[in-house]
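Let us work through a structure by question and answer. Keep the sequence and the 3D view at hand.

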Amino acid sequence: MTGYVIRRLAYGVLVLIGVNLFTFWLFFKVNTPDDIARIQLGGKRITADQIVKWKAEHGYDKPLLYNGKASGSAQFTDTIYFQKSASMFALDFGQSDDGRDIWYEIRTRAGPSLVLALPTFVVGLAVQVSFALLLALFRGTRFDFTTQVLLVVLMSVSTLFYIIGGQYLFSKLWRLVPISGYDTLFDSYRFVVLPVVIGVIAGISGSTRLYRTIFVEEVGRDYVRTARAKGLSELTVMFRHVLKNGMIPILTGVVAVIPMLFMGSLLFESFFGIPGLGNYLIDAIQAQDFGIVRSMVFIGTVLLVFGLIATDISYTFVDPRVRLE
Amino acid sequence: MRKPGASRVGRWARAALLACVTLLAACGDVWNNPYPLGEASENALYSEFTERPKHLDPAQSYTESEAEFTYQVYEAPFQYHYLKRPYQLIPATATAMPKPRYLDAAGHELPADADVKNIAFSVYDITLKAGIRYQPHPAFVEANRHLPPSEIARKYVLSDFKQTNTRELTAADYVYEIKRLANPRVNSPIFGHMSDYIVGLKELAAQLQQDLKKQDAERGKGAWLDLRPYDLEGAKVIDKNTFRVTIKGKYPQLLYWMAMPFFAPIPWEADEFYSQPGMVDKNFTLDWYPVGTGAYMLTENNPNLRMVLSKNPNFHGETYPAEGEAGDKAAGLLEDAGKPIPFMDRIVFMREKEAIPYWNKFLQGYYDKSGIASDNFDQAVRFGGGGEAALTPEMEERGISLRTSLATSTLYTAFNWLDPVVGKPGGERARKLRQAISIAVDYEDLISIFMNGRGIPSQGPIPPGIFGYREGKDSVNPTVYDWVDGAPRRKSIDEAKKLMAEAGYPNGRDAKTGQPLVLNLDTVVSSNNKSQLDWYRKQFSKIDIQLEIRGSDFNRFQDKIRKGNTQMFTLGWNADYPDPENFLFLFYGKNATVKNDGENKSNYENAEFDRLFEQAGNMENSPKRQELIDRMVKILRNDAPWMWGVHPKSYALVHAWVKNSKPNEMARNNLKYQRIDGNMRARDRRAWNPPIVWPFVLLMIAAAALAWLGVRAWRRAESAAAMPASGQTSVEGGV
C-alpha cells in the first residue's frame, strides 16, 4: 500500500503543477498585470507611470512564463509564474495583491468554514444515510413512492430558495435565531444553527435517492437472504449488514469531500455572513486578486488529491477484499 | 422495570433538553440578536460595510468604502461644516483657514486679486492648534520600533503590543505625509495630480525612486526610508505648529484636497515601526492599522467579519456645531450645540454582503441606519401626489425617518469625440445627431423605472448645490428641454427626428447610402443591467437608430475607453470636492484620456471651452466666475459631448434613536457628531423581536407524529403473517 500511496502522491504533484499552470493561464487570459494594477490602485486619476511603478513594486513587471531577456535558469525563474506560483510548492503563499498575508487569512478563515461545514456534513450524512435506509426498508410502499417524488421536487429547488426561505421563517418571522453574523468559535452556535439546518435540508434530496438505490441493490443480494434465513430481524439486517456493505460506494463520494470542507461554502458563507474561506475566494475573484485565487486553487487541489487517496485507502478498511497495489 | 435502553435514551433526551434551555437562556429575552450578548447596552452605533477596505493608509485610500473608516481616524487640517449648506470648509486641526499669498516668478508678492497669468506660486501657511495628541499607539514607544523579528513573530494583532504611548501632533507630521505622496513604494493615486502643483514633489519622487533602489540592494526590500531628511520645497516646516505649502500657479481647490486624508498627518514613528522586518508578514502596516488624531481609532480590524472604531481617549476638545442652515434647529439638529464630541464610545461595522439579511436586521433594530435597495424600496417609500417621497406606514410606525440628499455625482452617457460618426470628425452632422439622441433618451423614464425616482435628470455638467449651477429657467438645457409653465419639458421626438434629418439620417438611414444607422454603446455587462440595456435600445429606436450593445467586463471596458475604441459608453463621476472645476475639468482638452491619460474620458476638445476653463478653473467664486461658467456650460450643452444623464439622490433610513443625523455628501467624518439613545434602542429591539416558538414546536410535534406513525407501521409489518412466496421480502403495505 505504501508504494501505491507514494505513486498516487507523485501523480498528485503532477496534477498540482497542471492545475497551477492552468489557473495561471486562465487568470492572465482574462486579466493583464495592468488590469490588476488598476484594480488595486483604484479607478480615479491613475497615470500610466503609476501603473508601471505598482507593477514593479509588486513583481508584475516581468514576463509571464518565459523571460527572453534573461539568461540561464533566470529565463524561467525571473517570470511572474515562477516568482508568484512556484513558492507555493514550499507552502509559501506570499501576499495578496492588496498586501495582506494570505496564509494568515487562510488560517483564520478555516475555522469558521469548518464550524459551518463540518456539522452540515456530519448531520447531513447521518440524515441522508438513515433516511435512505428507511426508504429501503419501506421500499415499494406508498411511503417510499411519495417520499421519492418529494425528494425529486426538493432537488429541483434552488439552494438559494432554501436559504432565503429559511432566513424568512426562522429569523424574520419567528425570530428564533440571528439572520446572519458570526461570533468567536464557541459562541458561534447561535449563528450556525440555521445554516446547518438549511444545509442539511437542501442537501438531503440528491444523496438520499442515491443511497437508497445503493441500499435497495444490497437488499437483493444473497447474503441478505441468508441473514434473513437465519432469523435476524429486518432492522438488524439493514443496520448490521446492508449498511456496512452499502458504505463502500458511499465512501467513494464522502471521503473525498471531507478535506474539501476546509474550503467552505460560497453561498452559505455569503448569505449568513460567516467569514470563511468560501467568502474569501469570492472576494478575491471579485477583486481580481491573483495572489489569493492561485493560493486557494492550489490548496483546493492539494485537499482534493489527499481526499482521493484517502478514499482509496478507506476501501481497504471497509472491504477486506480490496488491496491497493 | 424500565429497560436499560429506554433509560439511556431518557438521559440523552434530558441532556439535550437541558442544553437547549441553557443555550436559549444565554440568548436573553431576544434570540435573534446578532451581536455578542454583552454588547446590548453599549453606547455604540451599528453600521455595515459591504466591501473589504483595501487601503487604510491615508496616502493610498481613495474609495468611499475606505473613507468610512479613514475619515474617522485621520484628521486633515480642514474639514467640511457638518450642517451648513452649501458645503463650507472650516478648520479641523488648523487654527484658521489660510489666506494664500501669491508670488510672481521672481518671488515678489502679488496682490490677492492679481491676474492668474502672473501668479507663479501660491503659498499657504497653516498653523495647527496646540496640544492635539495622537491616539495611543505602540509606535510611540521607542522600544517597539527596534524589535527583533522573533519578538514580532509572537504578535498577531496590534493589541499584542502591550506598551503604547502618544505624542503631540506637529507640523512636521503633515510635511512627512506630503512627502509620502511622492514615495514610489506608497504609490498614492493623487501623486500625478499633486505633482503638477506642489513645488518639487515630482523631483522628490525621482530622488526617492533612486534611493529606494539603492537601499533595497543594500538593506533588503521594505527597510524604512526616513523621509525627514529629504527637502521638499513645496512643503516646509516653519515652526513646531506651522507648515507651509507652496504650489505652482493658483489652485484654490488645494484647500479641498487638504480636507481629505491624503493630507492627514503621519508620525515618522509609525513609518519606522511598521517598516521593521517581519511586520508586513503579520499585516502590521499603516494600511491595516491606521494611526491618527481623529475622534475614533480602529481597535478591531477583522474585515472578514467586523471592524470597530473606539473613541480616541486623546481626542482634542472639539464641540458640536452651534450653527446650521435654516431648518436645522427645527429638526433638532442643534440640540447638542456646544457639547463635546464624539458622543458614542464605539462604532461597530459589520460585514454584510447580502441585501436581504442587512435589510431585515435594520428592521429588527440591529442596524441604526440603512440605505434602500431597489427590492425593498416599495416596502419603505411611497410617493405622494406631488411626487414627494414619504415613508410607508410600516416604517412610520417604527419611528424610522427618511433622509434624502442629492449626491454630488453624475451618471452619464458619453460620445467619443474621436469617433467619425458621433465625434468631432463628424462635424455639424455629428453634433445634430448627438443632440437628437440626447432628446430621445428619456432619462426621466430611466429614473422612474430603474432608480425608483431616486435622481434628477442632469441639465449639464454641474449638479445643484455646487457653485455655477443656475436655478429656474436658466438651469435648463435648451438643447433637450423647453421651459413650459415654469418647468422643463423634454423636447418632442419629432424635434429629435427633425435633427436626425438635418444630420443626414432621415428615418434613421444615411441619406447618401441608404444604410440604416447603427451605433454602438459600450458598457460593463452584468446580470442586473440587461433590462436597462434593452431600455436603451428602445430609446434609440424612437428615432430609428439601431443600437448595438457592446458589453464587456470592467477591465476590457476601461481598456476600450483608454484606447478610444468606443462610440458611446456609460460611466459616472463622483466629485472629489464641491467645486465646479471638479466637474468641468472632465471636458478640458488637456485632460483627454486617449491623448493625455487624463479624466476627460469622452476626449472632448473645444478651444473656446479650454480657454474659458483655464480662466475660471482656478478662480475664487465670484460673479465673474459664474459668467465664465455659464459660457462653458452653454458650449457644452450645444456640443452635447455627453447625454447629461442623472444626478442620483441618496435615500437613507434612520431609526428614531439616532440623533443629529444629517446627510452630508462631502463630509465623511460625520460619525463624531451623531448620538444614540441607547435606552430607546434597547426598548424597541425587545419590543420588535420577541421569539415566536409555537410554529417551531408544532413542527417538532408533526415530525414526532410522523416518526411515531412510521414506527407503528413498522411494528405492524414485523408482527404480520408471512407473505406468500413471491420472491419479495420487503415490508410491503407497511404504511
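The questions below turn to helix packing and to a chain contact in this predicted model.

Student: Are H1(A) and H14(A) roughly parallel or roughly antiparallel to each other?

Tutor: Start with the axes. Those of H1 (residues 2–30) and H14 (residues 290–318) of chain A come within 9 Å and cross at roughly 155°. Angles over 145 degrees count as roughly antiparallel. H1(A) and H14(A) are therefore roughly antiparallel.

Student: How do the residues of the contact of H1(A) with H14(A) divide?

Tutor: Look at who meets whom. H1(A) brings residues including A:Val15, A:Leu16 and A:Phe27, and H14(A) brings residues including A:Val297, A:Phe298 and A:Ile309. The contact divides into 13 nonpolar, four polar and two charged residues.

Student: Which term describes H9(A) relative to H11(A), oblique or roughly antiparallel?

Tutor: Helix H9 (residues 189–219) and helix H11 (residues 234–260) of chain A pack at about 130°, with axes 9 Å apart. Roughly antiparallel needs an angle over 145 degrees. That makes H9(A), relative to H11(A), oblique.

Student: What is the handedness of the crossing of H9(A) and H11(A)?

Tutor: Find the contact in the view. A:Tyr211 and A:Phe215 are among the H9(A) residues there, and A:Pro249 and A:Ile250 are among those of H11(A). The crossing is right-handed.

Student: Which element gives the most to the side of chain A that touches chain B?

Tutor: In total, 54 residues of chain A are in contact with 53 residues of chain B. Elements giving two or more residues to the chain A side include H2, H3, H6 and H13. With six residues, the top contributor is H3(A).

Terms used. Residues numbered from 1 in each chain as written. Chains lettered and ligands numbered in written order. Predicted model: local features only at pLDDT ≥ 70, side-chain atom pairs only at ≥ 80, totals over all residues. Axes fitted to C-alpha atoms, helices over the stretch in contact; angles between N-to-C directions. Helix = DSSP H or I, 4+ residues; strand = E, 2+ residues; numbered from the N terminus. Parallel < 35°, antiparallel > 145°, perpendicular 65-115°, else oblique. Left-handed = near helix turned anticlockwise from the far one by under 90°. Contact = placed C-beta atoms within 7 Å. Nonpolar A, V, L, I, M, F, W, Y, C, P; charged D, E, K, R; others polar.
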